[in-house]
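Work through the exercises below with the sequence and the coordinates at hand. Each task is followed by a stepwise solution.

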Amino acid sequence: MAKIKSVKFKLNEFQYFRPFHITNSVSYGSQNIEVAIELENGVVGYGEASPSFRVNGEKVAAVIGLEGTVNEMIVGMDVRNYRQILDVTDKLFAAPSIKAAVQYGVLDAFSEEIGVPVYQILGGAKTKIETDQTMSIGTLEERINEARSIVEKGHNVIKIKVGENLQEDIQALIAISQITRGCKYIVDANMGYTPKQAVKFVTEIYRAGVDISVFEQPVGMHDIDGLKYVRWNSPFPIAADESAKSKYDVMKLIKEEAVDYINIKLMKSGISDALAIVEMVKAANLKLMIGCMAESSLGINQSVHFALGTGAFDFHDLDSPLMLKEGTFRGKYKVDVPYYYV
Ligand SMILES: [Mg+2]
C-alpha cells in the first residue's frame, strides 16, 4: 500500500538570463508551482506546473487555489494503482499545468516507492535525448549573434522564433542558415502569420535553398483550415502546438489531415492525454516533437522522463532550464549539452 497522505503546492519564481521574445509576447521570468505528493509512509514525489495564460488561459492566482480540490480528489488513493489517479485527475482539464504536475508527482512518488525511475515505469525506450535551443525574435544582428552562441554551446538543432515581421523573418532565417551549416531548424511562428503569409514564408525559404525540419504553428490556434492550407502548400512538415492541447484536439487535427507533426507539451495535456496522443499520432502515421513552457529543471524532468520512457519524439525542445536562472538543479537526469540522459 502506498496511499497519498497530502498534496502541497508551493510557488517558485524564476528569471530568464535574457528576456524571451516570441510573437506578441516578451517574458522576463516565470512563476511555477511545485507540487509535493506525500505518501502515508513518508515517501514524497514531486512535480512542477508552469502555467501559461497565452496558451492555456491559466493564471497562477487561479490555479494555485486548486490545492484543496486536488487533496479532496486524490488523498487516500494508492500510487501503485496510478492509472486510477490519472483517470480521476483528468477532470483538471481547465488547469492542465496543475494536472501535469499532480499526475507526474504521483508517478514520481510511485517511482521512489518501488525504486524504479519514471522513464522505466513509462517503458524505458531510450536513455538519452538531444535538446534544441531556442532563439528569440530580435534585430538581424541580435539573431545572428544568438545563433552563433547557440552553435558554440554545442547545439545541432536550433529553434527559431518568427511571426512578427515576414520580410525580416525570411532575411533572418537565410542569414542564420549561412552561419550555422549542418544544423537542423525548427521554426515557430506562434500563430503570428496568416495562412497566405505562412505559405509565402516557406516558399521563399525553400527557394533560397534552406531546409526546415519542422514549421510550428504558423497560424491561429483555432484555424484548422488555415493549418491544413499551409500543410498542403508547404515543402516542409507543419506542426500543431497551440492547436494541439487535449487528445480531442489531436483527434480533430488527424481527421482533418491538418498537420504532419504534433508538439506535445505536458503543460497542455498532462501525462494522461500525452500518453493517449503518442499512440494516436503513431497510429495515424504522423510525427511527434515534445516541447515546454517555462519549466525549471524540476518541471523539465517530467518531460525528459516522458520522452525517454515513450521514445516517441523526433525532436526535443526542452531547453527552458538552460534559459532560466536557478539556484539548485533538481532534475533526476544528467546534462551534457545538448544531451539529457539517465
Ligand atoms: Mg511552439
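A residue is buried if 20 or more other C-beta atoms lie within 10 Å of its own. The model is predicted.

**Exercise 1.** State what share of the protein chain counts as buried, and compare the radius of gyration with that of a compact globule.

Solution. Of the 342 residues, 50% count as buried. For a chain of 342 residues, a compact globule would have a radius of gyration near 20 Å. The protein chain has 20 Å, so the value agrees. The C-alpha trace spans about 60 × 40 × 35 Å along its principal axes.

**Exercise 2.** Determine how helix α4 is oriented relative to helix α5, and list the residues of the contact.

Solution. Helix α4 (residues 82-89) packs against helix α5 (residues 96-114) at about 170°, and their axes are 10 Å apart. Angles over 145 degrees count as roughly antiparallel, so α4 is roughly antiparallel to α5. From α4, the contact uses Tyr82, Ile85, Leu86 and Thr89. From α5 come Lys99, Val102, Gln103, Val106, Leu107 and Phe110. By class, these residues are 7 nonpolar, 2 polar and 1 charged.

**Exercise 3.** Give the strand order of the open sheet of 8 strands and identify the strands at its edges.

Solution. The order is β5-β6-β7-β8-β9-β10-β11-β12, with parallel pairing. β5 (133-135) and β12 (315-316) each have a single partner strand, so they stand at the edges. Strand β11 (residues 287-290) is joined to β12 by 2 bridges, and Met289 has Phe315 as its bridge partner. Helix α12 (residues 266-283) packs on the sheet, touching β10 (261-264) and β11. The direction of α12 makes about 160° with that of β10.

Key. Residues are numbered from 1 along each chain as its sequence is written. This is a predicted model: local features need pLDDT of at least 70, side-chain atom pairs count only at pLDDT 80 or more; totals for chains, interfaces and linings use all residues. Axes are lines fitted to C-alpha atoms, for helices over the stretch in contact, and angles run from 0 to 180 degrees between N-to-C directions. Helices (H or I, at least four residues) and strands (E, at least two) are DSSP runs, numbered from the N terminus. Angles under 35 degrees count as roughly parallel, over 145 as roughly antiparallel, 65 to 115 as roughly perpendicular and the rest as oblique. Two residues are in contact if their C-beta atoms, placed from the backbone, lie within 7 Å. Ala, Val, Leu, Ile, Met, Phe, Trp, Tyr, Cys and Pro count as nonpolar, Asp, Glu, Lys and Arg as charged, and the others, Gly among them, as polar. The radius of gyration is taken over C-alpha atoms; the globule rule is 2.2 Å times the number of residues to the power 0.38. A residue is buried if 20 or more other C-beta atoms lie within 10 Å of its own, exposed if 12 or fewer, and partly exposed in between; C-beta atoms are placed from the backbone. Two strands pair if DSSP finds at least two bridges between them.
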